[in-house]
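Visitor: I have a model open and want to learn how to read it. Can we take the features one by one?

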Amino acid sequence: MLAGGVGGARFALGLRDATAAADDIRIVANVGDDVWLAGVKVCPDLDSLLYALAGVGDTERGWGRAGESERVAAELTAYGVGWPWFTLGDLDLGTHLARSAMLRDGATLTEATARLAARWPIGATLLPATDDEVPTHVVTDEGTMHFEEWWVRTRAQVPARRFVQHGLERSRISPAARAVIADADVILLAPSNPVVSIGTILGIPGVRDALETATAPIVGVSPIIGGRAVRGMAAACLDTIGVEADAAAVAAHYGARSRGGLLDGWLLAEEDAGSLERVEALGIRAAARPLWLTAGEPAAQVARDALELSAAVRASAPAG
Ligand code: GDP
Ligand code: CA
């Protein structure tokens with residue numbers, strides 16, 4: 001699966017619950033939100049996925065570690081280091097320190113992520129989409145800022161003119177991400193932010209190519225429910241690229257694989273069942289199901305429905 005943070009983590013938990021232990025879940029994660037802060041490398045989406053799968057995330061706040069304390073963050077603020085509105089909890093800082101130490105010792109982000117994940121039986125392989133740095137910046141009338149500053153400090157309230165991933169042209173898909181895409185039986189797009197999560201992954205040179213040549217069906221899960229980007233501010237990102245916060249509009253943005261786009265299938269919310277025909281008319285097989293990723297059975301059922309749609313795509317594909 002390709003994934004961002006929160007939507008990615010909720011869907012990943014559902015997928016793990018829905019599949020057998022022998023099934024091999026490989027997650028190619030967005031790294032566009034990554035930032036060096038107070039001397040350490042923070043990877044918000046990889047960490048959301050890691051903490052959720054490890055069962056150590058703060059499910060109430062929706063980010064960071066459960067049982068967190070913030071003594072170090074208070075010291076950093078007293079020194080005027082870092083972003084006071086971007087709290088790095090003590091346990092979370094342990095992750096960033098460990099990751100940064102590994103990177104400074106010469107590990108790739110893929111290797112560092114594997115070593116962090118090895119601490120817990122997470123039941124999935126976590127892979128950054130690239131080992132290169134592709135930090136997303138937001139161009140606004142108040143200046144250009146890192147994506148996390150726009151997202152967390154301004155709560156996406158300052159209109160974003162453009163998103164720019166620094167270093168994107170020079171980046172490469174990681175060899176491990178390329179291999180798992182080529183090798184996959186099914187490729188799922190988590191219901192993650194289509195612009196700054198999935199969009200950033202797709203923009204990394206080599207990713208589109210890997211997806212185009214993959215033999216697996218590609219099925220996306222809609223991040224839109226009832227014409228709204230739920231749990232967050234993703235609508236502001238869609239607005240910037242001129243895509244409506246609408247299940248069919250997002251499907252059209254990804255495009256049909258048979259017509260040079262990405263998707264073989266699109267699972268949309270039952271609330272958006274009225275868009276089924278519009279999606280099918282794009283050349284994308286569609287189904288409408290409950291898409292609220294509530295922990296436990298509901299999230300697992302979303303994953304089963306996505307896998308069922310993948311199987312239907314495969315069954316209808318011409319032989320060879
Ligand atoms: P981020 O990196 O933390 O912003 O998280 P992602 O990019 O992975 O996902 C954010 C998106 O997930 C939101 O914009 C929503 O559209 C979507 N999302 C969140 N909760 C749900 C849910 O319960 N169901 C579905 N279908 N989408 C959701
Ligand atoms: Ca993110």
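Visitor: Is threonine 213 buried or exposed?

Guide: Threonine 213 is exposed, because its relative accessible area is 58%. This is a predicted model: local features need pLDDT of at least 70, side-chain atom pairs count only at pLDDT 80 or more, and totals for chains, interfaces and linings use all residues. Residues are numbered from 1 along each chain as its sequence is written, chains are lettered from A and ligands numbered from 1 in written order, and side-chain values use heavy atoms, leaving out hydrogens and water.

Visitor: Where is threonine 213 found?

Guide: Helices (H or I, at least four residues) and strands (E, at least two) are DSSP runs, numbered from the N terminus. Threonine 213 belongs to helix α9, residues 207-213.

Visitor: What does the side chain of threonine 213 reach?

Guide: Look for polar contacts. A polar contact is a pair of N or O atoms within 3.5 Å; within protein, one must be able to donate a hydrogen and the other to accept it, and residues adjacent in sequence count only if both atoms are side-chain atoms. Here the side chain of threonine 213 reaches the backbone oxygen of aspartate 209 at 2.9 Å. A polar atom of that side chain also lies 3.4 Å from the backbone oxygen of alanine 210. Check sequence separation too: alanine 182 is 31 residues from threonine 213 in sequence, yet their C-alpha atoms are 7.3 Å apart.

Visitor: Now the ligand. How many residues surround ligand 1?

Guide: A residue is near a molecule if one of its heavy atoms lies within 4 Å of it. For ligand 1 there are 20 such residues, and the closest are Ser192, Ser197, Pro223, Arg231 and Leu291. Helix α1 (residues 6-18) gives the most to this shell, with three residues.

Visitor: How does the shell around ligand 1 split by class?

Guide: Ala, Val, Leu, Ile, Met, Phe, Trp, Tyr, Cys and Pro count as nonpolar, Asp, Glu, Lys and Arg as charged, and the others, Gly among them, as polar. The shell has 10 nonpolar, eight polar and two charged residues.

Visitor: Which polar side-chain atom lies 2.6 Å from an oxygen atom of ligand 1?

Guide: One of serine 197. Backbone atoms take part as well. A polar backbone atom of leucine 293 is 2.7 Å from a ligand 1 oxygen, and a backbone N or O atom of valine 6 lies 2.9 Å from one. The protein covers 94% of the 590 Å² of accessible area that ligand 1 has on its own. Such areas come from the Shrake-Rupley method with a 1.4 Å probe; for residues, only the protein chains shown count as cover.

Visitor: What is the order of the open sheet of three strands?

Guide: Two strands pair if DSSP finds at least two bridges between them. The order is β7-β6-β8, with antiparallel pairing. The edge strands, β7 (143-146) and β8 (160-165), each pair on one side only. Strand β6 (residues 136-140) pairs with β7 over four bridges. A hairpin of two residues joins β6 to β7, and valine 138 stands opposite methionine 145 in β7.

Visitor: Where should I look for positive phi?

Guide: Most residues other than glycine have a negative phi. Alanine 38 has phi near 50°, a positive value. The loop between β3 (35-37) and β4 (40-42) holds alanine 38. At 33% relative accessibility, alanine 38 is partly exposed.

Visitor: And what is the phi of arginine 231?

Guide: Near 50°, also positive. Arginine 231 sits in the loop between β12 (228-229) and α10 (234-240). Its relative accessibility is 46%, so arginine 231 counts as partly exposed.

Key: Buried means under 20% relative accessible area, exposed over 50%, partly exposed in between (1.4 Å probe, protein chains only).
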